[in-house]
Every structure is written in C-alpha cells, then in structure tokens.
Amino acid sequence: MTMELNSEKDQPIRRRSFLNYFLGLSIGTFGGSAAYAFAKYLFPPAAIGAESGSETVRVMLAELPIGGSKIVRYKGEPTVVIRVSEKQVHALSAVCTHLGCIVKWDGSKRLLVCPCHAATFDVNGNVTAGPAPKPLASYHTKITPDEVIIGEA
Ligand code: FES
C-alpha cells in the first residue's frame, strides 16, 4: 500500500523534472542559436577577406571548359568565372547591380542574365539590357597551365 502511494507521488515529480529539463534545453538551444547569429552578424567572414586585399581564389582549368562558367566566392562575394577561350578568362561579381540577385552565365547567348528583372551583361560586365544601373565589378585573373587565379594580374 505504501509502495503504491510513493510511486503515485513520484510520477508527477518525474514528469515535472522532465518538463523542466526539456524547457531548459529549449531555452539553451534558442539562446545559443541567437548568440551564434549575433556573433556572425558582428564578425562576418567576408569582412576579413575584404580588409586583407590580398585574397586570391584558384579554379582548376579542368573544372572550367571553354564557354563554361563557375561561381566561386571571392572577397566574400559570389563571383562568376567565365572561360571565354583557351587563354581568356573573366571574373566578375555575380551580384546584379540592380537589386542584388545572382546573375548566371548563358553560354549560348554569351551573356550574363539576371533571373530577377532580366538585366543582361556582356562578358566584360557591361550592361546590355534591363534595369541594372552599373556594370558588374570585374576582377584581375591570371591563367597558369593548370588553373585560373582570381585576384592576381
Ligand atoms: S536584380 Fe537584377 S535586374 Fe533586378
């Protein structure tokens, strides 16, 4: 008889303990996530590369067929690398100068096309159509026998 009373009394305490544990875990997880997001806001990784000014990015030529392109991150920004010919490569910011959508290379038209409002840019980044107010930023490239180095003249 005494055993049953104890087990009945224990039940709510265990449930309460579990709920307290679960509530604490939820608050801890939420707090940790918020702190991480705030820290990323205060110290964005892009700012580190942009401040150094010496950042380079290497792309293997094997990954870049003639007429093809590849999106890489350069100085914290999406950058499109276009292989125009055997020895000619362009690297341009892939961020549209209109409202910041990411442009894509259309090899058949030889244009960069913005999917948001249809702005187009030539292989040098110049605006050829649409609402974009400025050309895309262009970066130095150097071709070696095996790779393209973005950010090196
Ligand atoms: S964001 Fe590219 S055309 Fe509007």
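This is a predicted model: local features need pLDDT of at least 70, side-chain atom pairs count only at pLDDT 80 or more; totals for chains, interfaces and linings use all residues.
Two strands count as paired here if DSSP finds at least two bridges between them.

**Overall make-up**

The protein comes to two helices and 11 strands. Of its 153 residues, 20% count as buried. Take the contacts with a separation of 6 or more: residues 24 or more positions apart make up 36% of them.

| Strand pair | Residues | Bridges | Direction | Example partners |
|---|---|---|---|---|
| β2 and β3 | 69-74 and 77-85 | six | antiparallel | K70 and V81 |
| β10 and β11 | 141-143 and 147-150 | three | antiparallel | K142 and I149 |

Now for the turn between β2 and β3. The two form a hairpin with two residues between the strands, and K75 takes a positive phi near 55° there.

**The three-stranded sheet**

Where does the β10 and β11 pair sit? Both belong to an open sheet of three strands, ordered β1-β11-β10, with antiparallel pairing. The edges are β1 (57-60) and β10 (141-143), each of which pairs on one side only. Neighbouring strands in this sheet are turned by 20° against each other on average, direction ignored. As for what links such strands, pairing in a sheet goes through backbone hydrogen bonds, either parallel or antiparallel.

Note on methods: Residues are numbered from 1 along each chain as its sequence is written. Helices (H or I, at least four residues) and strands (E, at least two) are DSSP runs, numbered from the N terminus. Axes are lines fitted to C-alpha atoms, for helices over the stretch in contact, and angles run from 0 to 180 degrees between N-to-C directions. A residue is buried if 20 or more other C-beta atoms lie within 10 Å of its own, exposed if 12 or fewer, and partly exposed in between; C-beta atoms are placed from the backbone. Two residues are in contact if their C-beta atoms, placed from the backbone, lie within 7 Å.
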